[in-house]
Amino acid sequence: MTDTLQQAWQTASANLWAMRDEIWQAFWETLVMLGISSAVSIIGGLLVGVALFMTSKNQLAERAGAYAALGGLTNLIRAFPFVILMIVLIPLTRLLAGTTIGPVAASVALSLAGLFYFARLVEQNLRDVPRGVIEAAQAMGASHWTIVRHVLLNESRASLVLSATTLMISLLSYSAAAGMIGGGGLGDLAIRYGYNRYQNDVMIFMVILLVLMVVVIQTVGNLLAAKLDKR
């Protein structure tokens with residue numbers, strides 16, 4: 001049994017070492033997808049989330065029609081399974097990226113899915129801000145922009161960091177799924193070698209890399225949120 005395990009380990013190590021250039025390329029493609037989509041999703045989702053909160057009932061800029069329209073669009077995008085969303089967005093992806101394959105092209109669908117996902121998280125985070133703090137700022141004559149920037153975002157900053165952490169982990173899992181239709185990355189490598197060619201060593205190694213990335217993202221997010229938490 002020991003000899004069999006040792007032989008299996010040596011074979012797996014040799015296979016992975018021979019694929020080192022492909023693994024590095026796939027890892028870099030995953031980082032590209034995660035970086036682009038996270039940046040777009042956090043910035044865009046923050047704006048949409050603030051708009052959802054501000055236009056909702058009993059809030060500073062209550063607009064029932066605007067909230068219904070924006071909320072409906074958010075729910076519509078979030079209802080799409082990610083792989084189907086990628087297929088639906090092929091024309092837009094080709095227009096923006098000039099191609100429908102590769103990490104940059106996959107980032108279009110990732111960004112759109114992540115943007116509206118994060119928007120809902122932002123809205124929920126802002127609802128947790130004590131109403132009394134907002135009313136106190138209003139009583140002092142603060143403008144809506146000042147309240148958003150110095151009250152809402154400041155009071156919810158730790159929660160927003162944790163939400164951004166959750167978003168990035170979700171985008172990482174989506175990026176693995178993007179490999180099924182030409183997105184590249186670790187997911188693509190796992191599918192091509194681990195699934196189609198039955199190379200279990202490649203599949204296991206890809207899973208380990210993805211798990212390690214999740215652990216790093218979550219750890220950094222937790223530490224940053226703890227540092228920003230004023231409670």
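**Figure 1. Packing of helices α9 and α11.** In this predicted model, α9 and α11 pack at an angle of about 170 degrees, their axes lying 8 Å apart. Helix α9 is therefore roughly antiparallel to α11, a term applied to angles over 145 degrees. Axes are lines fitted to C-alpha atoms, for helices over the stretch in contact, and angles run from 0 to 180 degrees between N-to-C directions. Helices are DSSP runs (H or I, at least four residues), and strands are runs of E of at least two, numbered from the N terminus. On the α9 side the contact (heavy atoms within 4.5 Å) involves R157, A158, V161, L162, T165, M168, I169, L172 and A176. These residues meet L210, M213, V214, I217, Q218, G221, N222, L224, A225 and L228 of α11. By class, the residues of this contact comprise 14 nonpolar, 4 polar and 1 charged. Ala, Val, Leu, Ile, Met, Phe, Trp, Tyr, Cys and Pro count as nonpolar, Asp, Glu, Lys and Arg as charged, and the others, Gly among them, as polar.

**Figure 2. Packing of helices α10 and α11.** Helix α10 (residues 185-195) packs against helix α11 (residues 200-228) at an angle of about 160 degrees, with the axes 7 Å apart. The two helices are therefore roughly antiparallel to each other. Helix α10 contributes L186, L189, A190, Y193, G194 and Y195 to the contact, and α11 contributes N200, V202, M203, M206, L209, L210 and M213. The residues of the contact of α10 with α11 divide into 11 nonpolar and 2 polar, with no charged residue.

**Figure 3. The largest nonpolar core and a separate core.** A nonpolar core is a set of buried Ala, Val, Leu, Ile, Met, Phe, Trp, Tyr and Cys residues joined through side-chain atoms within 4.5 Å. Buried denotes under 20% relative accessible area, exposed over 50%, and partly exposed in between (1.4 Å probe, protein chains only). The largest core has 48 residues, of which M54, I134, L152 and M206 touch the most other members. Two or more residues of this core come from each of α2 (20-55), α4 (82-88), α6 (103-127), α7 (131-139), α8 (144-155), α9 (157-178), α10 and α11. With residues up to four places away in sequence not counted, I134 touches F53, L60, V129, I147, V151 and L152. Another core, of 6 residues, lies apart from the largest one and includes V48, L52, I77 and L115.

**Figure 4. The loop between α2 and α3.** A61 is located in the loop between α2 and α3 (64-79). This residue counts as buried because its relative accessibility is 19%. Leaving aside neighbours within four places in sequence, A61 is in contact with M54, T55 and H144. A61 and H144 are 83 residues apart along the chain, yet their C-alpha atoms are separated by 8.2 Å. N58 lies in the loop between α2 and α3 as well. The phi angle of N58 is near 70 degrees, a positive value in a residue other than glycine. Most residues other than glycine have a negative phi.

**Figure 5. The chain as a whole.** The chain has 11 helices and 0 strands. Its C-alpha atoms fill a box of roughly 75 × 45 × 25 Å along the principal axes. Of the 231 residues in the chain, 42% are buried. Among contacts between residues at least 6 apart in sequence, 75% join residues at least 24 apart.

**Notes.** Residues are numbered from 1 along each chain as its sequence is written, and side-chain values use heavy atoms, with hydrogens and water left out. Because the model is predicted, local features need pLDDT of at least 70 and side-chain atom pairs count only at pLDDT 80 or more, whereas totals for chains, interfaces and linings use all residues.

How values were computed
Parallel < 35°, antiparallel > 145°, perpendicular 65-115°, else oblique.
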